[in-house]
Amino acid sequence: SRDSAEQLRCVAPPLALVNDSAPAALSTLTITLNGQQFTTSAADFAYFGLPAAAALSPSCGPSEGGTLVTVTGSSLSNGSAYRCGFGEDDSGGPQQVVVASLDAGTATLRCVAPSGLQTGALRFEVSLNAQDFTSSGLRFERYSQVYVSALLPRSGPSSGGTPILVVHPNSFGCAPRCRVGNTTNVVVAGTYVSNTSTACVS
């Protein structure tokens, strides 16, 4: 169909009609304005395999956004406009879409979680062309901003090894850690004790 004097819109046919020997392929696209004479110049159009997102790391983040999310899965390469979709709107599509990038070495996608979405488990999908999104059923958990309200104990020997109970607002995440120091940035693993406390060792 014709959108304007400079734009035409068409729907890509199945790859099997173009090349039935490959799950993914690079093809060419030409147009005609009268159904007969096609342009001699062509643009590349890439067919990719059916992508699927299998896991997120991390699978949660604060409601103000900014979390760098790494997506692993299958057939995530050969795209042209990578996107991550968070949440679900009334039409079933993503509520908010952000630009993603492909790490060709690991065949993973990376994107930064946006702000402005509600807390809770949000649907997460990816697209390789900024239009067709996966239906993988993954969830990204958004939680309210966490702050430290108490430490038990508040001190320990310089040799380390002190068990610390960190008290914080009602919130569950997905990968608890404790960072000790503002400049050394020593990060140690944490363990959830309850939805209001996390344990770690200095």
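**Exercise 1. Classify the exposure of phenylalanine 45 at 33% relative accessibility, then that of tyrosine 47 at 12%.**

Step 1. Take the cut-offs: buried is under 20% relative accessible area, exposed is over 50%, and partly exposed lies in between (1.4 Å probe, protein chains only).
Step 2. Phenylalanine 45, at 33%, is partly exposed.
Step 3. Tyrosine 47, at 12%, is buried.

The model is predicted: local features need pLDDT of at least 70, side-chain atom pairs need 80 or more, and totals for chains, interfaces and linings use all residues. Residues count from 1 along each chain as its sequence is written, and side-chain values use heavy atoms, without hydrogens and water.

**Exercise 2. Classify the ring pair of phenylalanine 86 and phenylalanine 124.**

Step 1. Rings of Phe, Tyr and Trp (its six-membered ring) pair if their centres lie within 6.5 Å; planes under 30 degrees apart are stacked, over 60 edge-to-face, the rest tilted.
Step 2. The centres are 5.0 Å apart and the planes stand at 80°, so this pair is edge-to-face.
Step 3. Phenylalanine 86 lies in strand β8 (residues 83-86) and phenylalanine 124 in strand β11 (residues 120-127), 38 residues apart. Strands are DSSP runs (E, at least two residues), numbered from the N terminus.
Step 4. Ring pairs join Phe86, Phe124 and Phe140 into a cluster.

How values were computed
Helix = DSSP H or I, 4+ residues; strand = E, 2+ residues; numbered from the N terminus.
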